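Trainee: Could you take me through this model, feature by feature, and give me the general idea before each case?

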Amino acid sequence: MRLLGHILTDRGSKYAVSGVAVSSRADIDAALKQLKRDKAYAKATHNTWGVLLPDGVPLKGDDGESGAGMVILRMLEREALQGHVIIVTRWYGG
């Protein structure tokens, strides 16, 4: 798992981006589980994610943040990046 370690702040919320190479839904679940071992990420308001699996199948998770997974998917499609799950973490309230 790669945590970029840089947290951005915007309008009272904090954001972080993480990612890791994956090839299946089981890999995605394992990546999310690993991320949430860190207390800060486990307590986050949302951990949204998107991935284009190596076979081109798109998967996403909004985690209550309507439409967020689709935004990540569109960015991955634009860059033709397959086999990497990108997770955007959001904490409300600074």
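Mentor: Helices (H or I, at least four residues) and strands (E, at least two) are DSSP runs, numbered from the N terminus. This is a predicted model, in which local features need pLDDT of at least 70 and side-chain atom pairs count only at pLDDT 80 or more, while totals for chains, interfaces and linings use all residues. Residues are numbered from 1 along each chain as its sequence is written, and side-chain values use heavy atoms, with hydrogens and water left out.

Trainee: In which sense do strand E2 and strand E3 pair, and over how many bridges?

Mentor: Two strands pair if DSSP finds at least two bridges between them. Here strand E2 (residues 8-10) and strand E3 (residues 13-21) are antiparallel, with three bridges, and Thr9 has Lys14 in E3 as its bridge partner. Lys14 is partly exposed, its relative accessible area being 30%, where buried means under 20%, exposed over 50% and partly exposed in between (1.4 Å probe, protein chains only).

Trainee: Which other strands pair?

Mentor: E3 also pairs with E6, in the antiparallel sense and over eight bridges, and within that pairing Ala16 has Thr89 in E6 as its bridge partner. E4 and E5 likewise run antiparallel, joined by four bridges, with Leu52 standing opposite Pro58 in E5. The hairpin of E4 and E5 has five residues between the strands, and Gly56 there takes a positive phi near 90°.

Trainee: Which residues of H3 are buried, and which are exposed?

Mentor: The buried ones are Ala68, Gly69, Ile72, Leu73 and Leu76. Viewed down the axis of H3, the buried residues fall within an arc of 140°, so they line one face of the helix; the arc is that of the directions from the helix axis to the C-beta atoms. Val71 and Arg78 are exposed on the other side of H3. The buried residues of the helix pack against strand E4 (46-52), strand E5 (58-61) and strand E6 (84-91).

Trainee: Which residues of the largest nonpolar core touch the most other members?

Mentor: A nonpolar core is a set of buried Ala, Val, Leu, Ile, Met, Phe, Trp, Tyr and Cys residues joined through side-chain atoms within 4.5 Å. The largest one has 14 residues, of which Val22, Ile28, Trp49, Val51, Val85 and Ile87 touch the most other members. Helix H1 (25-35), E4 and E6 each supply at least two residues of this core, and the largest share, four residues, comes from H1. Contact means heavy atoms within 4.5 Å; leaving aside its neighbours within four places in sequence, Ile28 is in contact with Val22, Trp49, Val51, Leu53, Leu59 and Val85.

Trainee: Is His46 buried or exposed, and what lies 2.6 Å from a polar atom of its side chain?

Mentor: His46, in strand E4, is buried, with a relative accessible area of 8%. A polar contact is a pair of N or O atoms within 3.5 Å; within protein, one must be able to donate a hydrogen and the other to accept it, and residues adjacent in sequence count only if both atoms are side-chain atoms. The backbone oxygen of Asp63 lies 2.6 Å from a polar atom of the His46 side chain. Asp63 itself is found in the loop between E5 and H3, is partly exposed at 39% relative accessible area, and has a positive phi near 50°.

Trainee: Which residue does the side chain of His84 reach at a backbone oxygen?

Mentor: The side chain of His84, a residue of strand E6, reaches the backbone oxygen of Gln82 at 3.4 Å. His84 counts as partly exposed, at 33% relative accessibility. The C-alpha atoms of His84 and Gly19 are separated by 6.6 Å, although these residues are 65 residues apart along the chain.
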